[in-house]
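Please keep the sequence and the model open while reading.

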Amino acid sequence: MSRIAYVNGRYLPHGEAAVHIEDRGYQFSDGIYEVIALRDGALIDEEPHLVRLERSLGELRIDPPMGRRALAAVLREVARRNRVREGIVYIQVTRGVARRDHAFPAKARPALVVTARRQGPSKPAAATGGVSVISLPDIRWTRCDIKSIALLPNVLAKQQAREAGAFEAWFVDEAGQVTEGSSTNAWIVTDKGELITRDPGNAILNGVTRRTILNLAAERQIRLVERGFTLEEAKAAREAFVTSTTACVMPVLRIDDMPVGDGRVGSLSAALRQAYFDYTADAEEEVEETVEGRV
Ligand code: PDD
């Protein structure tokens with residue numbers, strides 16, 4: 001079965017799907033994206049993802065390519081045509097096609113591409129139940145709150161992590177504080193049992209999974225603080241983990257080759273990982289009840 005992509009109004013086999021060479025996404029990374037997980041046919045946290053997509057577009061002054069309901073229908077159709085029930089949908093919107101000039105074109109139609117693929121949640125290392133991270137200087141711009149397709153520092157950081165045998169790279173700002181991972185948000189649990197993650201300013205992407213975990217933690221009366229933490233604090237923490245649409249809640253057992261806590265998956269990380277899987281399973285059940293929401 002060939003994979004099908006939605007490209008500007010058409011559903012096409014990947015081999016035929018293409019954008020113009022003067023698409024501003026291609027030339028300037030002038031665009032934004034979203035990744036939404038599908039679990040048993042349900043789009044997890046669809047609304048906050050679509051709200052964030054609209055916000056990213058607004059910050060870049062790109063018009064939405066279509067309304068939210070129409071886009072929601074396209075996401076389901078792409079998932080359906082690709083027979084993806086466990087995986088992700090990828091949405092990319094660029095400012096569109098125009099003769100190359102840095103300033104915005106007078107009139108360009110935003111370009112929309114949607115793809116889907118099968119993919120389970122990232123698995124922790126079988127032996128340990130967790131992963132390692134390395135730390136790197138945060139060399140990104142100061143608008144990391146926008147989910148921009150300009151991801152070169154993230155790409156380079158992830159590659160460096162892979163080459164070091166690590167799952168993720170944590171970016172550290174000039175004040176010595178961890179901002180986030182190259183494609184995940186960063187969390188620690190202090191020795192007082194406090195759950196800490198960076199506050200959602202311009203230095204991080206306000207992850208949808210991050211917000212869900214904050215809610216789940218609050219429901220469980222876990223003490224939490226949204227603030228920056230230093231790399232030293234992270235290395236001395238009792239527990240650490242990362243969150244994202246694809247990593248869900250992933251325990252971090254080593255930072256720069258130093259064990260976190262006793263080097264094993266901590267109780268809070270394990271509890272929140274389970275709470276998140278229960279939460280996504282509930283979303284699946286809700287869709288089952290409404291039926292037409294299901295792909
Ligand atoms: N990454 N921080 C960064 C820099 C990210 O790229 C992501 C998501 C997150 C977590 O956000 P969320 O919980 O909404 O997925 C944080 C996606 C999955 C990606 O680029 O593939």
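The domain assignment, which is automatic or taken from a database, gives domain 1 (4-118) and domain 2 (124-281). This is a predicted model, in which local features need pLDDT of at least 70 and side-chain atom pairs count only at pLDDT 80 or more, while totals for chains, interfaces and linings use all residues. Residues are numbered from 1 along each chain as its sequence is written, and side-chain values use heavy atoms, with hydrogens and water left out.

The C-alpha centres of domain 1 and domain 2 are 27 Å apart. To the contact (heavy atoms within 4.5 Å), domain 1 contributes 24 residues and domain 2 contributes 19 residues. Between them the domains bury about 1700 Å², 59% of it on carbon and sulfur atoms; buried area is the accessible area (1.4 Å probe) that two parts lose on being put together, summed over both. Of the area that domain 1 buries against domain 2, 34% comes from Tyr33, Asp45 and Arg52, more than from any other three residues.

Two salt bridges are found across this interface, a salt bridge being a side-chain nitrogen of Lys or Arg within 4 Å of a carboxyl oxygen of Asp or Glu. Glutamate 59 and arginine 143 meet through their side chains in a salt bridge, at 2.8 Å from N to O.

On the side of domain 1 that touches domain 2, strand 3 (31-39), helix 2 (46-60) and strand 5 (87-94) each supply at least two residues. These elements are DSSP runs numbered from the N terminus (helices H or I, at least four residues; strands E, at least two). Strand 3 gives the most to that side, with eight residues.
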